[in-house]
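Trainee: I would like to go through this model with you, beginning with the contact between the chains. Could we take it step by step?

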There are 2 protein chains.
Amino acid sequence: MDIKKLLSPDRIAVIGASEKDGFGGDTCRNVITYMKEGSYYFVNPKRDMVLGEKCYHSIDEIPENIDLVVLCTPKSTVEGLIKKASIKGAKAAVVYASGYSEVGTKEGKEAEESLINLCKELDIALMGPNCAGYVNFIKGVSSFAFISEERDRKGAVGIVSQSGQLILSMMDNPKMKFSHAISSGNSIVCKMEDYLDFLVDDEDTKVIAMFLEGVKDTEHFIKGLKKAAIKGKPVVVLKTGRSEKGQKIAASHTGSLSGADKVYDALFKKFGVIRVDDLEELMSTAMAMAVLKKMPQIPNFAAMSLSGGETGICADLGELHGVKFMDFSCETLEKLNELLPSYATPNNPLDMTATLSYDVEKFAMALETVMSDPSVGLVAVGYTLLQEIADPAIHYMAKSMEIVCAKPESKPLVMIPFAENTRNDEYREKLAKIGVPVLPTSNYAFKILRNIADFVSYDPSKHDLKVEIPNEIEGSGGVLTESESKEIVGKYGIPFPKCVVAKSEEEAVKAIEEVGYPIVAKIDSPDILHKSDIGCVKLNLNSETEVRSAYNHIIRNAKEHCPDARISGVQINNMVDSGIEMIIGVNNDPQFGPCILCGLGGVFVEVFKDTAIRIAPVSYDEAYEMVTSLKGIKLLEGYRGNKPADIGAYVEAIVNVSRLACEHKDTMKELDINPIFLYEKGICAVDALFVKK
Amino acid sequence: MDIKKLLSPDRIAVIGASEKDGFGGDTCRNVITYMKEGSYYFVNPKRDMVLGEKCYHSIDEIPENIDLVVLCTPKSTVEGLIKKASIKGAKAAVVYASGYSEVGTKEGKEAEESLINLCKELDIALMGPNCAGYVNFIKGVSSFAFISEERDRKGAVGIVSQSGQLILSMMDNPKMKFSHAISSGNSIVCKMEDYLDFLVDDEDTKVIAMFLEGVKDTEHFIKGLKKAAIKGKPVVVLKTGRSEKGQKIAASHTGSLSGADKVYDALFKKFGVIRVDDLEELMSTAMAMAVLKKMPQIPNFAAMSLSGGETGICADLGELHGVKFMDFSCETLEKLNELLPSYATPNNPLDMTATLSYDVEKFAMALETVMSDPSVGLVAVGYTLLQEIADPAIHYMAKSMEIVCAKPESKPLVMIPFAENTRNDEYREKLAKIGVPVLPTSNYAFKILRNIADFVSYDPSKHDLKVEIPNEIEGSGGVLTESESKEIVGKYGIPFPKCVVAKSEEEAVKAIEEVGYPIVAKIDSPDILHKSDIGCVKLNLNSETEVRSAYNHIIRNAKEHCPDARISGVQINNMVDSGIEMIIGVNNDPQFGPCILCGLGGVFVEVFKDTAIRIAPVSYDEAYEMVTSLKGIKLLEGYRGNKPADIGAYVEAIVNVSRLACEHKDTMKELDINPIFLYEKGICAVDALFVKK
């Protein structure tokens, strides 16, 4: 299958060509508007002419071979037409028709299977079904089922979406400029993963934007993300399914497998993918990154507005979205004091006062002053660019920006409006040409600044860019005993207290010398999970008599409460001092493999959900970032005069558990190491539970 | 001072009338465009005509008395002109000039003082200085310093802003319709509080929108908020100063006292004020509430979009912003199943499919079906209304909405676009007329839906609409001893363990019988705060010997570590069982009086900041809402098989402490009751610290 025949064909044929509203008519109108003569053919058995151009009655009649066939016809005709097109040399097809797996019926699914098989047989790269087609803006190929205003949209954002409606909305948006726009539909042959791969390699695509409901070929998807991460090509993703309701909708919409949403968050963190909340944020983040001629060197920014009110909004939104405004250096403040009217107080964010916006030279100087501050990676100018220009300030400001941006030492610059509007075309274009994107209204704008800061902060070399996808092995389930679990975990360098599994009272007594007082005795059984609830844990034993008595009590309680439980004995453990109670957990996601979780134990994980999740394997840097991202990190750093805990040892443990998880991906379902005590020096895990697949 | 002379004058005089760009020229242009002939006069000593109208050389020459004088002239001329205008009958003035307290100089402050005194003397209601004036859209009075596109802006939102630039931005926004737009500037005579009061009483103002940097006359401000709360008139506030940087900027901008931001949050909760994050949210929340013909009866909503992608976005944004989509009833689902194409799966939010949007009758039926669901208070239709209409769906949808909205049983309806744009004027107006606001892009839209839900959920009768502003008494500071603090708190029904303050070893022994074993002994001194750190607390004493020894140790440790501390004795307390550790705190805000805080103790308050703050006095309902808003509420409700704690007793305690705080507002700075143990039945406080003003 050659995806280039699909996305970059030399000749296409539109079947079901028509003049009516609808797929056939709209596709033809798009083709005529955006494609060169001779690169397309129209086919309709009932028509000789369509929109003033020749229309063939059948694919066979087309005088030369074609690369791509675009089917605007109903489902029932699809397979026959693809066969005919294949004879005519076609290696690719776009299918708009719906009625396949997305309807959820047996017939739909069977039709989809049959279409997949046909494409395999004939080596056809198929887009859809149930899609809206695509436009290749670079080569000038349009196979798109909806009409939008005629306009030059050629640019550098490559977009691929599982929703055709959202692609149309993006086309309708005056600011958007694309390299490619692809509506993938049911993605049965060419998948989201294939399009991603294509766009990562495509030199004309500077930024990739995706609307994603779910992923089918995980390995391929990850290959694409990894390539993009290493290339430093931004991938911006709107993935629905964050909420339970959203997940249900995504699953029913294009029939995608829509995995646990937190796993996607973890996956995106690993590969530096920017995740956004809605369509506007998707479009504007992608466009901003496409328009900027360079990315900021550091993720701290400056803002300059024309009034105190706007400056206050910038300060508050900065804090809300985690966009950092560092204080200006004394040198910067001095220079600004000279430039600003006497009543102004320079600050970052800066109220530069309206007077400066009417003075090309002074505003340029203020811009350069702020840019030259070493703490500033990017400057945001707060100004509401409207559609109808009433205020002349923009004339002066744009000129200043042009002067400043032309200099090689200039830093990235963006404009932030405070009210929704269609931005004045002339100025938007002018600013885009000098590399200044006009962001959407402030709350979005600050989210986008944060996205840019995150992108700049991401360093692929600090991440382990592997994912260990488990093989589909259906195990018999069940859990290991605590001692078995601890043995496996212990092999990966996680320390546990000394422990002997005693199979008799005498063995228990013999174990005392080996493990040492004080002693904790616990039942060892794969069938008893809540040991302490049924009296199967005895703490702080300090004599032979106590150990004997504990052994017998534990065995008796186990037999009484769980008569059918398999019992491998009683663990005789050395009882260690308690430290700060932490946990490490693993959940083996069927699609993306082991996910590793860390956090404080007890109520902190259960009630406050203060945990960090990443996809294994994690590097030391990733694990460190997980731990420091916890709210409870303060408790580890030396809270209320306590000495700091050994964070390094805990981070090591996370890395080691992640390695364990990868090596057991085909046999492990879950792993729970809880608690792990953190001390001033070192750590000690006290319990472990290995759940088998 | 009569604010009506300022905001609703019959005749105004513009001094400094001009044809040039700037205050004078722009004010005259506005006056000519928006005011009736004969209701205004222009004055400029150097001109006979301005913009084709007669211009007087001096105020004296005006042939009749005036109500309001608008000064477009520099600061130096202001007082003289006001005196002259006063002779001509003026009882109000608008002063644009800057250079007063906002510049931070002594001269500026003195000029402001002098201007205030003059206004008092002449009984002048003054707007400004350093303001942009106002427009009364109902009566047709314009005293506004900036030019914006000519357009009918008469509507129902009354806006008052401390920033002139933001008022202009709102005027520039095509969707905005006002009753009044007021730029208050430095607010030295007429204050934000006065304008608020005016707008609450004003029958033409349906919704009040404010941009606020700080409040000067607290009592007056609260009076206005209370009146609005009782009337049910929405007050939407953008108050900067959420962040530390924002607070600094707000303080320097108009010289307002910008108090602790959390106190404002608490104040707004009490009075049901809607707090927003930026200008767009301010405008759109206010406009949505003005356009809606009725408010939803319940705060749960439904959404209907044309595609699965958009529906997924709605589901996720709903969860993100706390907008509740309840599941539809079986009846609703059945009806929708009949209306929708076979491949659609009805849900809330609903993917109604694009087909419905082209069918007036079916879409109307779907709308009515969704509206009639008992769980639905408001319906949001997800559709990107653009400026240029390309897609005919809006023609059909608008017609359906008109049909549905005309029925008396119809519920509130809004439209949610997914991309930023200027909305098509014709349709925006058409929809507004039938009571359907077009919200801004989705992320804003959902924030606004949440604002509406909060407004609908607010019930003034459940709040104690008082604020106890402390008198400005400068006390000598210091703290009470623990026993003194506990005595005061105990009088308000908060139980403490039995306690006797022993002044000698013998008294300590005598106290044993009264308080009972086990005993906790603690130093009682106003000068020793961290008692346990220096060995001044002894726990779990169970014999006379232990008590004697504890007494002596405590006294010795206190003298050793704090030789200068005043010691009133050693408290002999009964040691109570520990329960769930909670706190109640009070911070007496100089501007808004005692603020009361509740939360779980220890790391939960210090590291996780899981607290709720309200302004005293609080009603039982308010206190209950505080407690249930805690994340840690799960720990109180019976966590991990524990019995639920006595939440009611804790809520009572909060109410009682709030009463205590109000009654001690002039003498107390802080109060810290920490910990309070919550049991299955009842509570017991163990320590209290009363800090004096």
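Trainee: How many salt bridges are there between chain A and chain B?

Mentor: In this predicted model, four salt bridges are counted between the two chains. One of them pairs B:Lys245 with A:Asp327, and its closest N and O atoms are 2.7 Å apart.

Trainee: And how many residue pairs are in polar contact between chain A and chain B?

Mentor: The count is 32 residue pairs, with both residues at pLDDT 80 or more.

Trainee: Which elements of chain A supply at least two residues each to the side that touches chain B?

Mentor: Among them are the helices α5 (164–172), α8 (244–254), α10 (279–291) and α17 (442–457), together with the strand β13 (235–239). Helix α11 (308–321) is also one of these elements, and α11(A) gives the largest share of that side, eleven residues.

Trainee: What is the make-up of that side by class?

Mentor: The side of chain A that touches chain B has 27 nonpolar, 27 polar and 26 charged residues.

Trainee: How many residues are in contact overall, and what area is buried?

Mentor: On chain A, 80 residues are in contact with 79 residues of chain B. The area buried between the chains is about 6,300 Å², and carbon and sulfur atoms give 57% of it.

Trainee: Which three residues supply more of chain A's buried area than any other three?

Mentor: They are A:Lys245, A:Glu420 and A:Phe608, which supply 12% of the area that chain A buries against chain B.

Trainee: Why can one say that the copies meet through the same surface?

Mentor: Because 99% of the interface residues of chain A are also interface residues in chain B.

Trainee: Back to salt bridges, then. How many are found over all chains?

Mentor: The search of the whole structure finds 73. One pair within chain A is A:Arg242 with A:Asp265, where the closest N and O atoms are 3.7 Å apart. This pair links distant parts of the chain, 23 residues apart: A:Arg242 is in the loop between β13 and α8, and A:Asp265 is in helix α9 (residues 261–271).

Trainee: What about the backbone? Where is there a cis peptide bond in chain A?

Mentor: The bond from A:Asn674 to A:Pro675 is cis, with omega near 0 degrees, and A:Pro675 is in strand β26 (residues 668–678) of chain A. In chain B, a cis peptide bond joins B:Asn674 and B:Pro675; there B:Pro675 lies in strand β27 (residues 668–678).

Trainee: Which residue of chain A has a positive phi although it is not a glycine?

Mentor: A:Asp123 does, with a phi of about 55 degrees. A:Asp123 is placed in the loop between α4 (106–122) and β7 (125–127) of chain A. Most residues other than glycine have a negative phi.

Trainee: Finally, what does the UniProt annotation for residues 486–522 of chain A say?

Mentor: The unreviewed UniProt entry annotates them as "domain: ATP-grasp". Over these residues the chain is 43% helix and 22% strand, and the end C-alpha atoms are 13 Å apart.

Key
Residues are numbered from 1 along each chain as its sequence is written. Chains are lettered from A and ligands numbered from 1 in the order in which they are written. This is a predicted model: local features need pLDDT of at least 70, side-chain atom pairs count only at pLDDT 80 or more; totals for chains, interfaces and linings use all residues. Side-chain values use heavy atoms; hydrogens and water are left out. Contact means heavy atoms within 4.5 Å. Buried area is the accessible area (1.4 Å probe) that two parts lose on being put together, summed over both. A salt bridge is a side-chain nitrogen of Lys or Arg within 4 Å of a carboxyl oxygen of Asp or Glu. A polar contact is a pair of N or O atoms within 3.5 Å; within protein, one must be able to donate a hydrogen and the other to accept it, and residues adjacent in sequence count only if both atoms are side-chain atoms. Helices (H or I, at least four residues) and strands (E, at least two) are DSSP runs, numbered from the N terminus. Ala, Val, Leu, Ile, Met, Phe, Trp, Tyr, Cys and Pro count as nonpolar, Asp, Glu, Lys and Arg as charged, and the others, Gly among them, as polar. UniProt positions are given in the numbering used here, feature names are shortened, and annotations may be inferred rather than shown by experiment.
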